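Subject: Structure handover and notes

Dear colleague,

I am passing on the structure we spoke about, together with notes on what turned up in it. Please open it alongside this message and read the two together.

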Amino acid sequence: LSAVSATVQGLVSVERGASLRGPASLFFLTLAVSGERKSSADKYFTQAIHEWEAQQAEAAKPALAEYRAASTEWQCTEEGYKQAIKQSAKGGMPDKYVAEQLKQLELNRPLEPRIPTILRMDDTPEALGVALTRWPVAAVLSNEAGIIFGAHGMNPESVMRNMAGLNVCWDGGHLRRDRTSTQSINVEGMRLTMGLMVQPDTLQSFLSRQGELARGIGFFARFLVAHPESTQGTRYYREQAPGEPALTAFNARVTQLLNIPAQVDADGRLETTYLPLSPEAKEIWVSFHDEVEEELGRGREYYDVQDVASKAADNAARLAACLHAFCDHTHSISSIGVESMEAGTELMRWYLHEALRFCRQLAVPDSLRKAERLEEWLIGKLYSGMALVPTREVKQFAPNELRGAASSEAFAVLEDHNRAKLITQGPKKFYCLNPEVANEYRR
């Protein structure tokens with residue numbers, strides 16, 4: 001979905017109503033521990049974008065060479081005019097003709113060609129803003145988003161400003177920052193997709209420092225969060241059939257859409273086509289909007305994630321617009337239909353429940369969270385045929401946060417809740433799960 005959003009966001013936007021218009025861009029945040037093959041998943045769906053960018057860079061080489069030559073000529077001419085003005089000023093008679101020529105030269109400064117570059121990896125928010133002034137469409141797709149959440153740009157001094165800037169990008173608004181020592185930023189109507197994959201521990205560390213601020217400023221409210229359960233321990237080797245027809249078709253469609261030129265005006269503002277909702281799709285969207293709104297009250301389903309749920313209808317429309325634009329091979333400027341809107345609202349319901357699960361996990365004390373992590377790891381060992389796990393193996397090979405003394409502390413919580421016990425056999429000690437716990441996982 002993040003690859004789809006990155007591909008179509010420069011072409012289409014969504015119109016939910018007469019005064020409800022906005023980008024189709026989406027923000028995603030996926031939590032996954034080390035070893036979950038985040039990098040592999042990322043490469044599958046961004047391969048076509050990387051290849052397209054390489055082609056654009058190659059095609060732009062003649063234009064860049066011409067620009068550099070013209071820029072050098074311009075700078076030399078400018079320096080000559082300045083020297084002439086200085087010399088005439090020394091004689092007390094400034095050369096007005098040369099001054100006029102310098103003015104005309106300034107009006108005809110060579111313009112750097114706009115080279116479409118979409119993917120941004122570990123850019124700081126400042127660098128991202130500068131990149132958007134060069135090309136107003138970008139996608140921060142990072143399979144190691146700890147670079148972002150642990151970056152200098154997210155320190156306490158600048159975190160509010162940078163989060164607010166990313167919020168402006170989500171809205172497709174006007175991002176402006178004046179600088180004296182670095183490049184100023186002034187870009188309007190940009191489109192930004194974010195597809196961040198991060199380890200839960202990294203995000204926990206960020207939230208412990210900036211969590212209240214991030215929610216208060218509405219930063220995480222814009223993200224579609226997913227925290228899939230780990231399948232490590234069950235991923236046995238399976239011979240793959242030759243060829244990957246579905247992925248090949250996906251990448252071909254990405255390339256096809258990227259080859260449709262984005263429309264950028266003389267001032268660098270992006271011009272997209274606004275897709276309206278068909279009357280039938282509008283009914284589905286309104287019903288979903290009201291359904292979510294009803295569950296925002298105290299004691300209702302989405303009360304604990306009001307910030308996320310308040311943007312659910314907007315995100316559902318964005319999802320529908322992305323799916324419609326990506327799957328409509330007719331290239332016609334048509335309204336978003338029932339199928340796309342049903343898919344968008346169904347996806348958004350799933351993301352709302354993921355947000356609830358994510359929010360509840362954040363509320364869990366660290367000691368209990370580590371105990372749950374140890375229990376899951378012991379379950380994996382049980383499934384591999386090891387009912388009794390040596391304590392020494394736990395201290396050495398359990399997930400990093402559970403090694404050493406931490407494993408004993410986490411086990412003590414499990415033991416207190418009668419979910420595991422310590423078994424001694426001669427000089428060796430073992431952890432053993434309560435059989436009822438294993439039955440819970442089987443169910």
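How many of the eight residues of strand E8 (residues 191-198) are buried? Eight of the eight are, so strand E8 is largely enclosed by the rest of the structure; buried here means under 20% relative accessible area, exposed over 50%, and partly exposed in between, with a 1.4 Å probe and protein chains only. Helices (H or I, at least four residues) and strands (E, at least two) are DSSP runs, numbered from the N terminus.

Before going further, please keep in mind that this is a predicted model, in which local features need pLDDT of at least 70 and side-chain atom pairs count only at pLDDT 80 or more, while totals for chains, interfaces and linings use all residues. Residues are numbered from 1 along each chain as its sequence is written, and side-chain values use heavy atoms, with hydrogens and water left out.

The chain as a whole

The protein chain contains 17 helices and 15 strands, and 43% of its 443 residues count as buried. Taking contacts (heavy atoms within 4.5 Å) with a separation of 6 or more, residues 24 or more positions apart account for 73% of them.

Two strands are said to pair if DSSP finds at least two bridges between them. On that basis E8 is joined in parallel to strand E5 (residues 137-142) by six bridges, with Ala-139 standing opposite Thr-193, and E3 pairs with E8 in the parallel sense over five bridges, where Phe-28 has Gly-195 as its bridge partner.

Strand E3 (residues 27-31) also runs parallel to E9, to which four bridges join it, and Thr-30 has Ala-226 as its bridge partner there. Strand E9 (residues 223-226) is likewise covered on both faces, with Phe-223 and Val-225 buried on one side and Leu-224 and Ala-226 buried on the other.

The nonpolar cores

A nonpolar core is a set of buried Ala, Val, Leu, Ile, Met, Phe, Trp, Tyr and Cys residues joined through side-chain atoms within 4.5 Å. The largest one has 52 residues, of which Tyr-302, Ile-336, Met-348 and Leu-352 touch the most other members, and helix H12 (residues 312-327) supplies its largest share, ten residues. A second, separate core of 25 residues includes Trp-170, Phe-220, Phe-223 and Val-225. Beyond its neighbours within four places in sequence, Leu-352 is in contact with Phe-288, Val-292, Tyr-302, Val-308, Ala-309 and Ala-312.

Four bridges join strand E1 (residues 12-17) to E12 in parallel, and Ser-13 has Tyr-274 as its bridge partner in E12.

E13 and strand E15 (residues 428-433) pair over two bridges, with Val-389 opposite Tyr-431.

One residue to look at

Asn-418 lies in the loop between helix H16 (405-416) and strand E14 (420-425), and has a positive phi of about 60° although it is not a glycine. Most residues other than glycine have a negative phi. At 56% relative accessibility, Asn-418 counts as exposed.

With best wishes
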